[in-house]
Amino acid sequence: MDVKAACIVLCLLFLIHSSFQQSPPKKKNAKKESVTPGVIKELQKKIHDIEHDVWLLKEQQALQTVCLKGIKIHRKCFLAATEKKSFHTASEDCISWGGTLCTPTSSKENDQLYDYVQKSIGRDEKIWLGVNDMVTEGLWLDQAGSGVLYANWDTKVNQKPGGDRSKNCAVLSGSSKGKWFDENCRTEKAFVCEFNIV
C-alpha cells in the first residue's frame, strides 16, 4: 500500500508540474493606454471636488463641536469665551475660530443670547457684540460693515449711543437684562462668537 500511495502522489505531482509548464505566462498588453491632457484635467477636477467635500465635512464637524459646546439659536451656534479681552482681540479670536463676534438680529435672538450669557459667563457680565461706530460716530455697523437692523440700546441711560467718541464698541449687559451699551473698545470684556449654520 505504501508503494501504491507513493505512485499516486508522484502522478499527482507530475500532473501539476506539467499543467504549469503547458500554460504560458500571461503577457502584458504591449499597447499601453495613452494619458491625454483631457484625462489629466478630469482627474484633477475629481481630486479638487474630493478635497472640497473633505473641507466641507471638516467644517460641518467643527461646527457640530461648537454647537455641542455652546448653544444653537436660529441657524447660528454661539460659543462663550469667558476670558476677558479687548474688542479687537475678541474679534480676532472669533475670526480665527471661523466665526465673528455675536450680533443679535432680532429681539428673540437677543433674549436667547442674554439667557446663554447668564448661564455660561455670569449674571452681571457684559459681553462684546459685533457692533461698532468706529468709522462714523453714531452710525453703528456690524462686523461685515452693514448697518445694524436690530438694536437693543438702553435708552433710559443714553438716548442715542454714539455721542462719546471714546465709546465706539457695543456690549450686551447681563445686569440690564440684555440691553446694549456703548463702551471703550480697549476695555476687556468676555465675549461670545457666532457661527452661521449653512
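**View 1. Leu 113, Ile 127, Leu 129 and Val 192 touch the most other members of the largest nonpolar core, which has 19 residues.** A nonpolar core here is a set of buried Ala, Val, Leu, Ile, Met, Phe, Trp, Tyr and Cys residues joined through side-chain atoms within 4.5 Å; buried means under 20% relative accessible area and exposed over 50% (1.4 Å probe, protein chains only). Two or more residues each come from α4 (107–120), β4, β6 and β8, with α4 giving the largest share, four residues. Helices (H or I, at least four residues) and strands (E, at least two) are DSSP runs, numbered from the N terminus. Apart from this core lies another, of 14 residues, including Ala 90, Val 171, Cys 185 and Phe 195.

This is a predicted model, in which local features need pLDDT of at least 70 and side-chain atom pairs count only at pLDDT 80 or more, while totals for chains, interfaces and linings use all residues. Residues are numbered from 1 along each chain as its sequence is written, and side-chain values use heavy atoms, leaving out hydrogens and water.

**View 2. Let's visit the surroundings of Ile 127.** Setting aside neighbours within four places in sequence, Ile 127 is in contact (heavy atoms within 4.5 Å) with residues including Cys 102, Leu 113, Val 117, Ala 170 and Phe 191.

**View 3. Helix α3 spans residues 87–96.** Phe 87, Ala 90, Ser 91, Asp 93 and Cys 94 are buried. Seen down the axis of α3, these buried residues fall within an arc of 160 degrees (directions from the helix axis to the C-beta atoms), so they line one face of the helix. Their cover includes β2 (76–85), β4 (126–132) and β8 (189–196).

**View 4. Turn to the other face of α3, away from its buried side, for the exposed Glu 92, Ile 95 and Ser 96.** Just after α3, Gly 98 takes a positive phi of about 95 degrees.
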